[in-house]
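Colleague: Please pick a single part of this model and take me through it closely, together with whatever surrounds it. I would like the cut-offs spelled out as you go.

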Amino acid sequence: MAEELSPVDRRSLVVDHLTIRYYGREVDALRELSLEVDAGELVGVAGRNGSGKSTLALATAGFIPRVVRAKVAGSVTIAGEPLVDSGTGHAGAGGATAARRHRVGIVFPNPANQLSATKVSVREELAFGLENLGIPRAEMEQRIDAVLSRLGIEHLADRPPFALSGGEQQRVAIGSIVAMGMGVLVLDEPTAQLDPLSTEAVGTLLTDLAAGGTAILVAEHASTVLGRTIRCLVLDDGRAVTVDVPGSALGSRTLEPLGLHPPTVVALAELAGVDPGMAWDEATIAAALERRFVRQDGRPPTNRPTDRAPDRVQSWTPVREQQVAGVELRGLTHRYAGGIEALRGVDLRIEPGETVAIVGQNGSGKTTLVKHLNGLLRPTAGSVAIGGRDTGAERIDELASLVGFVFQNPDDQLFNRTVEREVAFGPRNLRLGDAQAARLVDQAIEAAGLQAERTANPYDLNVSGRKLVALASVLAMDPAVLVLDEPTTGQDGPGVDRIGAVVEALQQAGRTVVAITHDMEFAAARFDRIIVMRLGEIIDDGPPVAVFASENHDRLASTGLAPPATARISSRLGLDPFIIDPAELRSLVGA
Amino acid sequence: MNEAMGFFVPGSGWLHRLHPHPKLLLVLWGVLAPFLLPIWTLPGLVALAILAALSAGLGRRYLRNLAIGTLPICISILLVNGFFFPGATDFLLTAGPFNLTREGLAFGLPIAGRVVAAVAVTVAFVMSTRPDDLMEALIQRGTNPKLAFVVLSAIQTIPRMLDKANRILEAQQARGVRASGSWAARGRAILPLLGPLVIGSLIDVRERSLALEARAFGAEGIRTAYRVVEARPVDNTVSVAAKVLLVGLIVIVPLRVVGLIGG
């Protein structure tokens, strides 16, 4: 008889002195960790990559050691029933274990890999787990209708799951777990691959689910999600550093000793002296800042010292003899097979040595545009010139010596046994001399901060580490133009800083950098110029301070974007000239 | 083409309406018949398959898929047999050190014809059958649900792998790998293409297996079905007819062995 579960069966999660060590590893992934999540609570988990967030997610979902083998001490219980038997480190046997594990659901970072890939509508996809649980068809219909309504995705019900955006797929993935009647929901970086609009939607969804009584544990980097939690656990090397309201747990006092920066909004709340419980309330922060605001004749001071910590990468020394190169697109149109016009007569000129961030929601044409820079796509109409050279007829591998392209998914290019060999692959293809290649490999590995991993197998690193290997492997080709596709996805604070430092070092060396990014703070902090795209056209183009200015916020929203926190608060303060650098804002209030 | 739909093309022709189970039995017959029936039946079998597909509205896309599915292998069969048939003496054409022989072609043509006939019915089947309908139909007829899912997933791996291979090729070309031109250049591109394809697929398998587990794929107990594929009376009739045809094929084999049926 299939087990019947009530969709309103609410259970709480208790982690008690949990220690986990993977087989073959010499250090614990989690150490003596204790945590409770009650029904109706949304609890966050933050920390650097490799701090134990994913291990905690797998353990609390009952996947360790039953599916992912590891030595376990301590216990995880759902409503008092053990997911992992205390002391033995083994999951209980047979049906009892199955019954227990079906009360907790887990959502992973990659939306595409969570779908069954056999269903042709969202409604059927939501039914997949219910079929496996043996739920009668009539009840399936009820549950599916309830989930579609609760998640606000009724409009997706009859659409094919594979044709949805990443954000929509992730909401379907969450819905498929919720439909199974899980009282406890665990999410492992659910917004890692989503754009800001989708991240916000997932955050709202989790808040609503918790309000409906679900116990939720979410491991995240996104401050928009962590800010919605009731409390936040910060992990470091598998240990709990603190469990507190997010405004305190993610504050400078906790994070800076760990080498992490607090989210900008939290830093501004600290600056304004706002209670940590109100750290995500921008109106409160703005009001508090205004009270402390030191105006000179009603205007902000013109002297704006910045106090950004010095970056670890200070310079990039060009090794190949290359001319500096800019980019010129004239009337660039691209139409895919099937007639979809992804670019509509784009005119764009990027000067040599400029750093440009391209932003816009999924489907706005960003990736189509940059794929023309190295010949991955050919114009349907118009032209592309790099360094004054029309690239229309050039092969991709020929253009690789001029334009470096770092793809979003590092696993699409890594195949060598060691990081060093992987990084040397590009220079070898360019047939550079041994000495030149060796210098470039050394410099690229250092720029990406991979000295300690030089002889490691790239696949022994986590995804953020592999992304840095992919970056180094393209840097080692010393291109005149570097294109980065979502470089900060899945990176923690230090990883984002590392990539930002590489961008600035390349610019100092006269290289041109073009990046697609959903990370508005990264775009504002590290790039000279922001290009905003919508439906295959450029709708705004200028320095960050202009693009993110108050009068543009509606235009940004029209392509699914929100300005960075500093810009939003500057807007509330009515600052003129406008400020987007948190350090500048700090200097204004005399901090 | 996409993952869940595979090679299926939406339509309302009689092949689309036919229940997947009798259709599968007919395909089984259509794949076995070219290899078990006399050689003189081959043109008729090929014509029958193509006519069936066209009458069901599969159209030019069917003919294109059939050409893509058969031309490379048929050309290979004819070239290898035509030029390298052992002991052949009747030369039709000489190209340098190579001779095209009548014996080789006579041997290769029936093989190529059988391949075309078998592929012709298979292409008609995959273009007219929703993969999830096939899975549910098989489960309703007693196939283990997990086995049916695994088989379906394996079929759908093809478009997923093609898509992944394209992305990897782009990423490696962007690092200076030349994927066109000389055979040596193409050969050098194999490892950078295959390495990430294999490793990435293993990572995908791990992520997908965890996600399936999260969806209670390994749950004990009786599975229920959301999508029900109804069988009409005509489907049952076709099913019986297909079974009779399959039995007929099995009977023909010993008759051919003892020489009562030639060709």
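Modeller: Happy to! Let's take helix α7(B), where F149(B), L152(B), Q156(B), I168(B), L169(B), E170(B), A171(B), Q172(B) and Q173(B) are buried. Buried here means that 20 or more other C-beta atoms, placed from the backbone, lie within 10 Å of a residue's own; exposed means 12 or fewer, and partly exposed is in between. Helices (H or I, at least four residues) and strands (E, at least two) are DSSP runs, numbered from the N terminus.

Before going further, please keep in mind that this is a predicted model: local features need pLDDT of at least 70 and side-chain atom pairs count only at pLDDT 80 or more, while totals for chains, interfaces and linings use all residues. Residues are numbered from 1 along each chain as its sequence is written, and chains are lettered from A and ligands numbered from 1 in the order in which they are written.

What covers those buried residues? The cover includes α13 (396–399) of chain A, along with α6 and α9 of chain B. Contact means that two C-beta atoms, placed from the backbone, lie within 7 Å.

The buried ones are P131(B), D132(B), L134(B), M135(B), E136(B), A137(B) and L138(B). Just after α6(B), G142(B) takes a positive phi of about 105°.

Now for the partner chain. In all, 49 residues of chain B are in contact with 56 residues of chain A. On the chain B side, the elements that give two or more residues are α6 (131–140), α7 (145–173) and α9 (190–214). The largest share comes from α9(B), with 14 residues. By class, this side of chain B has 24 nonpolar, 10 polar and 15 charged residues. For that count, Ala, Val, Leu, Ile, Met, Phe, Trp, Tyr, Cys and Pro are nonpolar, Asp, Glu, Lys and Arg are charged, and the others, Gly among them, are polar.

Stepping back to the chain that holds our helix, chain B has 10 helices and two strands, in the sequence pattern α-α-α-α-β-β-α-α-α-α-α-α. Its C-alpha trace spans about 65 × 60 × 35 Å along the principal axes. Of the 263 residues of chain B, 31% count as buried. Among its contacts between residues at least 6 apart in sequence, 74% join residues at least 24 apart.

V257(B) is exposed, with 9 other C-beta atoms within 10 Å. Its C-alpha atom is 29 Å from that of K23(B), 234 residues apart along the chain.

A last word on the nonpolar cores, each a set of buried Ala, Val, Leu, Ile, Met, Phe, Trp, Tyr and Cys residues joined through C-beta atoms within 7 Å. In the largest, of 202 residues, A472(A) and V481(A) touch the most other members. Not counting residues up to four places away in sequence, A472(A) touches V423(A), A444(A), I445(A), A447(A), A448(A) and L450(A). Apart from that core lies another, of 30 residues, including A53(B), Y62(B), A120(B) and V123(B).
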